[in-house]
Amino acid sequence: MERVRVLVVDDSALVRKLLSTMLSCDPGIEVVGTAADPLIAREKIKQLNPDVLTLDVEMPRMDGLTFLENLMRLRPMPVVMVSSLTQEGAEVTLRALELGAVDFFAKPANDLASTFAEGAQEICAKVKLAALAKPRQRTAVHKLDVPPRLSADAVLPRAQTAGTRGGSPIIAIGASTGGTEAIRVVLEAMPPDAPPIVITQHIPAAFSGPFAARMDACSAMRVSEARDGQPIQAGHAYIAPGSEHLLVMWDGAKYVCRLHNGPPVNRHKPSVDVLFRSVAASVGKAAIAALLTGMGDDGARGLLELRQGGAQTLVQDEESAVVWGMPGAAWKLGAASEKLPLEQIAARLLALAHTPHHRAAAPAA
């Protein structure tokens, strides 16, 4: 089996040692070198031709973002950012994802050794899956032993009948790896009076607030991190907090956001399957849903439930996705009626929201 060749770039000797040791313990990964700053990294990339780079943000001689921007312009390759779990760290990491980084691993400021040990499985999985992402494609990935995963049943039982209580459409979007950029593209194209949008993006709790604020700044819609009990209104987009599942519920007079502190579903919290199942149960055929780029298959079964309930469903196509895991899994299940390039998704969601099928959806008695 061909191993994923990794170059570790970090100005901290301790982090370089910890990361290298941890990654080298995985039989599917080979650490081919380390670099203390971007200028050394640049030479080692030429010498070693790694498959994946792990990259710190704050480094001497050239900051990580400047290096990443140059790298993506001159020699695009999969990059996993290693960033701090702070407000500033979140902002910088989101910028790195905009510049082309595939994924990120968040580290606290203290007790690095125990944190890296606890997150060994996560960072190894991210690095190996990054090797599959564009612009480089690989065929073999060593699978890690992982704990049993729960379905959406662990949070919300599947409804026997789908509802269409509110009458007007609600758009539901799910995404993971590459999703912060894909969601930005969709939200930037939305008018200020667009139908309400509910979003689950796999993201750490410390990052979801800054991500929502970043989306609010670039969209004509009002974008916020969802709050429990918050009414769902046109012209607004609601992003699931990074520590709780987001559900759409009918409270007797209006749709509201509900946050659920249940277990991870498909090993994710928030989970796209949970959001989609709640939308299928509460909104039914008045819903429109899209599953965007992401690793794994979270959201695929939920999208199928939506389609079976009469909702309009689509997925991002393989060519425009960073990783076609989640949308690909949904497509193979027959969960989507269309697959589209990212740049066409916003317009299609709006067109579906304005079809007679959705305009005429009558409130339930």
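I count two strands as paired where DSSP finds at least two bridges between them. The model I examined is predicted.

**Sheet order.** I looked up how the strands are arranged. Five strands form an open sheet, and I read their order as β2-β1-β3-β4-β5, with parallel pairing. I then noted the edges: β2 (29–35) and β5 (103–107) each pair on one side only.

**The β4 and β5 pair.** Strand β4, residues 79–84, runs parallel to β5, and the two are joined over five bridges. Within this pair I located valine 82, which stands opposite phenylalanine 105 in β5.

**Helix on the sheet.** I turned to helix α2, which spans residues 38–48 and packs on the sheet. I found that helix α2 touches β1 (4–9), β2 and β3 (52–56). The direction of helix α2 makes about 165° with that of β1.

**Cysteines.** I searched the whole structure for disulfides and found zero. I then checked cysteine 124, which is in no disulfide: the nearest cysteine sulfur, that of cysteine 25, is 7.8 Å away. A disulfide would require the two sulfur atoms to be within 2.5 Å.

**Burial.** Are cysteine 124 and cysteine 257 buried or exposed? I applied the cut-off for buried, which is under 20% relative accessible area. Cysteine 124 has 4% relative accessibility and therefore counts as buried.

How values were computed: Residues numbered from 1 in each chain as written. Predicted model: local features only at pLDDT ≥ 70, side-chain atom pairs only at ≥ 80, totals over all residues. Heavy atoms only, no water. Helix = DSSP H or I, 4+ residues; strand = E, 2+ residues; numbered from the N terminus. Contact = heavy atoms within 4.5 Å. Axes fitted to C-alpha atoms, helices over the stretch in contact; angles between N-to-C directions. Buried < 20%, exposed > 50% of the residue type's maximum accessible area, 1.4 Å probe, protein only.
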